[in-house]
Every structure is written in C-alpha cells, then in structure tokens.
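Me: I have a structure to look at. Can you show me how to read it?

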Amino acid sequence: MAKKKISFPQFGNYCIPFEYLLTNILNVDYIIPPPTTKRTLELGSMHSPDFVCAPFKYQLGGYIEALELGADVLFQVGGVCRLCYYGELHERILRDLGYKFEFINFSELDIYSPIDVYNKFKKYNSKLSAPAIATKLLICIEMVKMMDEMENFIRENVGFEVNNGSFDNIYNEFLEHVRKVKSKKELKKLYSIYYKKLKDNEVMKPKKPLKVGLVGEYYTIMEPFSNHFMEKELAKKGMVVTRTMNISNTVFWLGREKELKKKVKGYLKYDIGATGIDTISEALELAKKKYDGIIHIKSFGCTPEIDAMPVLQNISNDYKIPILYFSFDTQTSETGIKTRLEAFYDMITMRKEKNK
Amino acid sequence: MIKAYLGVDIGSISTKGVILDENNKILASKYIWTEGNPIGAVKNLINELETQIDINKIKIVSIGTTGSARKLIGVVLNASVVKNEITAHAIGTTSIYPDVRTIFEIGGQDSKIILIEDGIVVDYAMNTLCAAGTGSFLSSQAKRLGLEIEELGDIALKSKKPTNIAARCTVFAESDLVHKAQIGHKKEDIVAGLCKAVVTNYLNNIGKGKKIVSPIVFQGGVSKNIGVIKAFEDITGQKVLVDPNSHLMGAIGVAILARKSGQEIEFDFNVKNIEFTTRGVECHKCANNCEIICIYRGKYLIDAWGNKCDNGAIPIKNH
C-alpha cells in the first residue's frame, strides 16, 4: 500500500514540527503546503461562507493547495472558539468539491488523552513502541519551544540588522537542519549553535529603541500573510517588535487559564473565550513594561477579540499607552494599512521625544 | 525672492494645495476634485496655484505630499516629504490651534479622530473596513434626494424634528432613508437625520472609547456641512470649531513638514506640461501575482511599487 500523505494548512513555521512529529511516529509522508499567497485566499474565499472569519478561508485554501499536491489525509486541530466547528465544515465543503481524502478532526478527540489520540491515529500506525513515540513527541515539543524562542529574539532584533536578511538566513538554515534531527541531544546542539549565531549577528541598536508589542487573535497574529507581514513592516522602521502569542505560551502552558486570570485581575473577571484573555494579559504586561505602543490584530468579526477591545481601552487609558486596532478580512490592498502604521510610528516617535 | 513651500493633499474625492511662506502664511490655495485622476488633478492644481502668485518673487523650495495618492504624487512632484494624512492633519491643525485636544476629521472615504496633548498626537483612530458615515456616503444620499451636496447643511438646519436613520451601516441607512421618504417624512427632516446619522456613526465607531476633550476642531470636506457641525455640537454637548481653511489642514501640515525637513529641491511649474503615465504589470514570479505599478516621466521609468517581495523589485535608473 502506498504511503499516505498527510497535510495541514500553513501556520507560521509550525509545519516543520508537524512534519517532524507525524513522519516520525506514523507511517506517512507530510506535504508542506506552498506558502500562503493571494491564491490561497482566493481559493478559500471562493468556497467559504462570506461571513466566516478569514482564518477559515485561509485554511480552506491551504487544504485545497495541499490536495493539489497529492495530500490524501488532512487534519484540523480545532481550537477554542468557532474554530472547533470548522473541521466539519471544511470537510463537508471539500467533499462537495469532489476531493477524495481522509479527515482527522481533533475536535472529535481529547488531545490531552493519549488513548484517545492513539485510537484515532492507530490506522496510520508505525511499528514504533510507546516509549519511542513519547521520545519523538518530546523532541517535537522542544522544537516548537526553541523555534518560539528564536523567533522572539529575531522579532526584537531584525529591525536593527546591519546586513539585510541576515537573521532570516540564519533562521532558515536552522529550520532546514532541524527537520532532520535524530535525538534530543542533536536538537539541543543545533539550537545552541544557531542561537549563538543569532546573538552574534551584527546589529546597530540605539540605546533606547522604540518598542511595540503585538497582541490579538491566534491565527491572524501568527500567520504572517494574513496580517500583511506586519511584524516585518514594523521592524523595517527600526523598532523592537514583541509578540508573546505562540504555541509555547498557549497549548504548552499547563495551568494557563488559572494563571492568566490572576494576571488580568482588575481588568477581567471571566474567561471571554479563545485568546481574548491572553490578549488582555499580554497587553497589560506590555503596558507595565512601558512599551511605546501596542497593536491589536484580529480577523474581522472575531468575537472574543472584540470583547477584549473595551478592556484594552481601559489599559490604554490607565497606562497611557496608545493601541492601534486592525481587523483583517480578505482585502489585499495595503495602502490603508501602511497609512495607519506610518501614523502610528510617527505618533509613538513624537511621544517618546516629548517624554525624554 | 521669498522662499515658499508647497503642500499637496490628494484625497480620494478632492485635491488640495497650499503655498506657505516661512511663517506659515498662506500665499495661495486651491481645492479641486480628484475625479479618479490624481496626476491630472495635480497638474490642474499646479496650474491654478501658479496663477495666484508672482513666480518672479516667490520660489518654491520644498514640496510635501499627503493623502491617499501621496506616494504617486510625491514621485511626480519630486517631493521632499511624503507623509500620511494623520500626521499631516495634526501638524496643520496645531499650527493654527496650538491648544487643540481633539480633531474630528471626516473626508471623502476616511474618517479619523486624533487626540492631542501639548501639541503631540497621543492617540488616534481611523475607520477600518468600510466607508460608512463619510463624505462619499453623504454625497450619494444627496444625489438620491435630488440635492446638491453643498445644500445639505442649510436644509438640515431648517428641520425641527430630525428623522431617525439607522446609522450603523451605510446599506442599512440607505434603505432606512428610502422607507422614511416613502412614508412621508419631510425632506429637511430626512437630511437632518442623515447628518445626525453621520455623527452617531462616527462617535460610535471612530470615537468609541476615546475621551473627547475640548477644544474640538472639526475638519475635512464634511466639516463644510453646517448640519453635521450642529449634530456634533448637539450630541457631544461641546463647542465644535471649524476653521475657514478646515479643508486645507492636511496640505498646510505637509507644507510645514516640507519646510521643517530642511531639504530643498528645485521645483518648476512646468511639471504640469510633462507627461506622466502609469502602467500596471503582473509579476507572475509566484502565486501572489503582485500587481506592480510603474511610473514613467515621458518615456523614462522613474519609480515602481506594489511588489510584496524582492523578486518583483524593478530597478530604477537615474535619468
């Protein structure tokens, strides 16, 4: 029997650990979908309900592009908002379009229950033993954490690099190698080599650079195409860019909800769904650290993030920190976004000069 | 010879230009329609401005551009400063009202609020996905009612009981307006309701959560509508100032920024006779198919943009 080809739509650089985990523990190949482009969005929007959020459309487009490359098993990781219903809908739309594939919907299982997960994936079973699977899983988790850490470092420094593209080059090299690691030891070695390379990369950073933090909805903040490469745009203007939202700080953070609730005390009493509480906690943290500004990113119509906005206003008033709000749907014109970002940059620059 | 600074604000609907001297005094100004042709509009503008000054006594040494076509016109005019309209408006307004705290701005397609403390922008917001409650909405509704946009304000003032018109969304507002007209609401009440709807929409969307402190200055094309000014004053309960040059604030601001840049570039009014053309090409180097716009002066390529990555970069030679 031919090997199954499994795939998941593009999501930041996370396709690399996904590929690592699945190809190592299952008897499958992994199809990395092409990078998200206008075509992905067009394909996705064409077959999506108009009012569904943009991440749904991007993912649907991503599935179609993966199917075109020969994928025959798709999975949907689901989520903690409407996203947990998206799997069924994606599957139905793709079947109606006539594609043949198997679909694994994480919403139908408890990802924290090993037995549940095992049963679902049994069919694509490898001959690996349970301890071997656990080892690979741990490597994958470690890999994600390392990537998150390195990307955090890059975001804060790439705006000041002396040689254009040097950070990206180092990081891409790391990603290329990391796909082939065999053991945790090898992974750690690779990490220390490349983290050092990043740290040694030449930068020209002023003593007190402008600092801006990004907060907002899970998908749109992490898939760069869907936020018009905002992190890059900001860095290009010579700013430290901080974004706390990533897999390490959500899925891997055990006890997250309890701790977050403690952090947002005085601003929020209840969980408002999805990453709304993360947004508020992160914004509060940035405000306390005296960042120059915050940018809130969400897909158009994202209810938890809309609920977070009045609280962000309170934080903005209390800490006198400006917050710029962006809603993204399927528009691809950048003029409006650039105007707002430019004005934001001018504003925080002038504020900083005044407060000197 | 007096040194002068040209500021051009090219919006979606109108194109504004001012020539300032070194003390921010207006030497010439003009307001014309863009009519979907920013390059043509700017040539007309330059032509008009030229007739207002004595070019043997006044020499333009620096140019600034702002508004949604700022980049294109910046290239055409060889501007020293190309600035977003939020910063330009704030600079322009504070030059005339140094103690302003809140700027309401409603233009053809954009609306924004700018909050200022000690002459510095401390917060702002701008409409995002839709153009509800902006000038283009008012002008299309004026047309529907068979009125000229310039008349709306005075007609609204006649109303004693403004009709309630749904303000959330332009499409809803439009059907609401049609229904109310058909059941016999008076025209002046509908117009007054329309002005009120623009203000409620503005305050609920752009102004949401922002602390509105006076002095308030209202500007942009819609500030010429006295009905909207009155609605703003009624709803906020505060005095709303409108400068006679409220439509020129962006142009004034960017002319000041051009002066402050210290960068002097020779300018020739003859630019109005040079042919500028643009050409759109699709890149095709990846699935993004970026549409790249190339700008030509005569037959020479002078600038190009629209590419998302370096693969689509077009090298520009100096001519």
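**Where the chains touch**

Reply: Start with contacts: 18 residues of chain B are in contact with 20 residues of chain A. Two residues are in contact if their C-beta atoms, placed from the backbone, lie within 7 Å. This is a predicted model; local features need pLDDT of at least 70, side-chain atom pairs count only at pLDDT 80 or more, and totals for chains, interfaces and linings use all residues. Residues are numbered from 1 along each chain as its sequence is written, while chains are lettered from A and ligands numbered from 1 in the order in which they are written.

Me: Which element gives the most to the side of chain B that touches chain A?

Reply: β8(B) does, with six residues. Helices (H or I, at least four residues) and strands (E, at least two) are DSSP runs, numbered from the N terminus. Chain B has nine helices and 13 strands.

Me: How do I read two packed helices?

Reply: Two packed helices are described by the angle between their axes and the distance between the axes. Axes are lines fitted to C-alpha atoms, for helices over the stretch in contact, and angles run from 0 to 180 degrees between N-to-C directions. In chain B, the axes of α7 (residues 187-205) and α8 (residues 226-236) come within 8 Å and cross at roughly 55°. So α7(B) is oblique to α8(B); angles under 35 degrees count as roughly parallel, over 145 as roughly antiparallel, 65 to 115 as roughly perpendicular and the rest as oblique.

Me: Which residues make the contact?

Reply: Among them are Val191(B) and Leu203(B) of α7(B), and Phe232(B) and Ile235(B) of α8(B).
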